[in-house]
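Visitor: I would like to learn how to read strand pairing, helix packing and ring pairs in a model. Could you take me through some cases?

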Amino acid sequence: MDGNMLSGVGGGLYQDLKGAGTIAGGKILDVKNLEKNYKKLMKDAKELWGLRDDIEKEASRVEIKPATRKWITKVDRLKTRVNGLETEYNEGKRKQWRLDCFWSNANFSEELEKQRQQVLSLWEKGFIHKGFLEDELPNSVWTKNAPEIDEKSSLGKIVGDVLNHLEDKKVTRIGIWGTVGTGKTTIMKHLNDNEKIASMFEIVIWVSVSKEWSIEKLQEAIMQRLELDAERTINLEKNAQIISRGLNEKKCLILLDEVWRTIDLHEVMGIDNKHNHSKVVLASIYQGICINMETVVQIEVKPLSPPDAWNMFRKKVGDVISSSLIEPTARLVVQECHGLPLLIDRVAKTFKKKQRDFTLWNDGLESLQRWESDRVEGIEEVLERLQVCYEDLKDEEKDCFLHGVLYPEESMIYVDYLLECWRAEGSILHAEEFRKARVRGHTILHELMGVSFLEKTEKRKYVKMNKVLRSLALKISLQKDYKYLAKAREGLQEFPDHEECSQASKISLMDNRLHTLPETLDCGSLSTLFLQRNKDLSVIPQLFFQSMCSLRVLDLQGTGIAFLPSSISNLVFLRGLYLNSCIHLTKVPSEIKALQQLEVLDIRGIRYSKDWNKFQSLSNSNTIEASGSITLWETVAEEAIQEIAKLNKLTSLRLYFPRVDHLRLFVTKSPVWNSRFTFQFSVGYEDSTHSQIFESLHSPRYNSLKMVNGEGTDPVISEVLGKTHAFGLENHRGVSSLSDFGIKKMNHMLVCLLEGCNEVETIISVGGTMTRVLENLEILYVNNMLRLASICDGFVPIGSLGQLTTLTLVRCPELKKIFSDGMIKQLPQLQHLRVEECHQIEEIIMESENDGLEANALPRLMTLVFLDLPTLKSIWIDNSLNWPSLQKIKISTCSMLKKLPFNMVNATRLRSIEGQNSWWEALEWTDDGAIKQRLEPLCILN
């Protein structure tokens, strides 16, 4: 056997084997050093017993050979003899009066050495047996030949994130989720083949879980990988115990790809979320499955960014796109793939065959833009996979998804509007009350977003449906005979033919250039009509609505109409009427009173006249959204608010109040104010940004209050703030802190925006109270506050700001300290910190204000952004903090910041450091440059 191999296992024992004492005539030459021989025997015997235990442990996983079992028996017998010698030696040493005779007896020393030779011999043979066993054990990894990905690409970064999480002892399960074709399987293959994974785990088990999976099939796959097939039984519980035993014996990583249903891992393999030896990474299109399977971390795999998508396409197509004639077309081709690696891969194969033929490339692009699946490889495959996901949805989720075809591709859809349409069309089942329907609608929305059928946007109160999903919805609507006529944003100037419309259940002609409508339209089955933003449409014929007796949603927003026709009285089942931004609308017919089923009325931005009072007859309305030209509105506001306050079925109201007096009028008069009532109020000034300020809120019942150009405090403001989730205070005078409004009542508040309030000196004025404040606040945005000196002017009561995730401070020239009086210890949820143009900030975390800061402070902090802080010298005094979640740092125009708070082992999840090259080169390092060398690959410098 190779001596080098032996020397690696058993350590010094192998060296002792080489240098064992010479034996002559059966006698050991050195018989006098009894104590030395005893210690050698005990040391070598201990290593033999350890080898014996290792072999028996390995033998439990494979069928043991008779020779190996015989070897174990010999070791056990030898152990009995050695234990006897150990007892005899210790007994003789304890009885001092017999030592002279004891030490002179060379025979005992000879026996010790003799048994040591037995130990050495069995150890050598045991190592051979161990080698045989290891040959029979399963391979540590079955490679998957993962396709190449760039470490700096979005997919590469996710692989890196997963590796970092796997190093965390607390993370035992990781979920990777995202829509079809985003690269989840590619990520899983890279994890399977990763060298770092091979060093972290003794065995990696890959299982592709089909949609038709069963516990039996899953157990069979895992037991086969562990080479436990021979032990498999028909008893699922017993199989789980066998798998659990096998997993307990080695550090194991289990990769479950394409998980379609929640899997009970304890039922399948006898492990729970606290299992110490094995970790699980699963990939699914459903975020809900990741949550149901108790993953500690969920990572969304989003479509590739445009640069990553282009790089992937370019590598697969090759040099043909280097042509100046081909490249512009190639970039348009990549855009049509919407960042889906699966589609990019297939489309690249199609276009690679076109080589440098410019005509063929243009023709292929046109086919791709029309999504002609018979001419472009990959389209049908993607749609088929997505349709499998669609069939998995519940019936009401399917209807709500298909509603998305009515909007232009990639257009942003306001969430509240979407839910109102779903409700009005009857897509939301088992929710008779408007309020319950809205809550149920949010659940459906969450489910659709959880499978990426609808996507978040930068404006978080909006969602969108990308072209791929819209193509799927169009395909299904045609297959299922849903009879949707969707021609949004197609440049139409004429209304579609009567034949196209007559059988349609939903018609969307929004964002076109229609001038006229037909005199009448025979559409008895029509439930939804979208005509919004046809600006040139000025007249609706008197009989246009005569045959639309089933219509439930009518959107005329932004059209040029001046009046509503009398035939609107036929819309007796209408639930949603949208007239917002119809700036020329002045005449409302008396027939409007026939709309007694109306639940949502949006009249923001219309010109007010005496006809406005005709809307007050719609007493069944649940939701009213009203505002308008400031000058016109202020002349009728008091009268209008009095009428609105009489509505006793309101569940939601969005309204602009010119003065605090008007707000008080509604609060004191409305019978619904103290009920479960949702509001979005603005006081003092109405602008289009009102809803955008609070886009971070997802709740179906969020309440917001925005006050602009106000002064002082008022009891009604405090009362409304007691129910408010999002508060915006702009250019307000006469208050020195948020506490002036009664901060103890603000524990419902989730978002707070303060801007241009130049008399405010602190956000929270504690005033000696120990009562927690703003305990649910998640986002605090402070901008242009000229006299702000601190966030809190004293010790922050325990529990205050405990849910704060985002803190943004911009243009606060008097601000000197951010985290005062140990405040940082109260921020376990803080994820994002941005400080910009605060010219007196010298330390982000001040040592004097945060004595005894623990290494795990700010455990969830992910991003740090520091811009234009000319006096900033320190983020933290040293590198003692762990920064366990920090991923991104951006620093610009902070010339006095000379040190970063990092060492060789902290901030392990850091992915990027953005800054100026001159700043980076001027940084000072406490070591020989090893930390700089570690961080430099993460830098994005300009």
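**Reading sheets, helices and rings**

Guide: Strand E9 and strand E10 (residues 462–464) are joined by two bridges and pair in the antiparallel sense. The model is a predicted one. At the level of residues, Glu-455 stands opposite Lys-464 in E10.

Visitor: In what order do the strands of that open sheet lie?

Guide: The order is E8-E10-E9, three strands with antiparallel pairing. Strand E8 (413–414) and strand E9 (455–456) are the edge strands, each pairing on one side only.

Visitor: What should I keep in mind about side chains when I look at a strand?

Guide: In a regular strand, side chains alternate between the two faces of the sheet. Now take a sheet with parallel pairing: five strands form an open sheet in the order E4-E5-E6-E3-E7.

Visitor: Which are the edge strands there?

Guide: They are strand E4 (203–208) and strand E7 (297–300), and each of them pairs on one side only. On average, neighbouring strands of this sheet are turned by 15° against each other, with direction ignored.

Visitor: How many bridges join E5 to E6?

Guide: Five bridges join these two strands, which run parallel.

Visitor: Let us turn to helices. What describes a packed pair?

Guide: Two packed helices are described by the angle between their axes and the distance between the axes. For helix H10 (residues 215–225) and helix H11 (residues 236–248), the angle is about 30° and the axes are 11 Å apart.

Visitor: Why are H10 and H11 called roughly parallel to each other?

Guide: Angles under 35 degrees count as roughly parallel, and H10 and H11 therefore fall into that class. Their crossing is left-handed. On the H10 side the contact has Ile-215, Glu-216, Gln-219, Ile-222 and Met-223, which meet Leu-236, Asn-239, Ala-240, Ile-242 and Ile-243 in H11. By class, this contact of H10 with H11 has seven nonpolar, two polar and one charged residues.

Visitor: At what angle do helix H7 and helix H8 cross?

Guide: The axes of helix H7 (residues 154–166) and helix H8 (residues 184–193) cross at roughly 50° and come within 10 Å. That angle makes H7 oblique to H8. H7 passes H8 in a right-handed crossing. The contact is made by Leu-155, Ile-158, Val-159, Val-162 and Leu-163 of H7, together with Ile-187, His-190 and Leu-191 of H8. These residues divide into seven nonpolar, one polar and no charged.

Visitor: Which residues of H14 and H16 meet?

Guide: Begin with the geometry: helix H14 (residues 306–317) and helix H16 (residues 341–352) pack at an angle of about 35°, and their axes are 9 Å apart. H14 passes H16 in a right-handed crossing. From H14, Ala-309, Met-312, Phe-313, Lys-316 and Val-317 meet Pro-341, Ile-344, Asp-345, Val-347, Ala-348, Phe-351 and Lys-352 in H16. By class, the contact of H14 with H16 has nine nonpolar, no polar and three charged residues.

Visitor: How many aromatic pairs does a search of the whole structure find?

Guide: The search finds 26 aromatic pairs. In one of them, the rings of Trp-260 and Tyr-286 have their centres 6.3 Å apart and their planes at 70°, so the pair is edge-to-face. The cut-off for that class is planes over 60 degrees apart.

Visitor: Where do Trp-260 and Tyr-286 lie?

Guide: Trp-260 lies in the loop between strand E5 (252–257) and helix H12 (265–269), while Tyr-286 lies in the loop between strand E6 (278–284) and helix H13 (287–292). The pair therefore ties together parts that are 26 residues apart in sequence.

Note on methods: Residues numbered from 1 in each chain as written. Predicted model: local features only at pLDDT ≥ 70, side-chain atom pairs only at ≥ 80, totals over all residues. Heavy atoms only, no water. Pairing = 2+ DSSP bridges. Helix = DSSP H or I, 4+ residues; strand = E, 2+ residues; numbered from the N terminus. Axes fitted to C-alpha atoms, helices over the stretch in contact; angles between N-to-C directions. Parallel < 35°, antiparallel > 145°, perpendicular 65-115°, else oblique. Left-handed = near helix turned anticlockwise from the far one by under 90°. Contact = heavy atoms within 4.5 Å. Nonpolar A, V, L, I, M, F, W, Y, C, P; charged D, E, K, R; others polar. Phe/Tyr/Trp six-rings, centres within 6.5 Å; stacked < 30°, edge-to-face > 60°.
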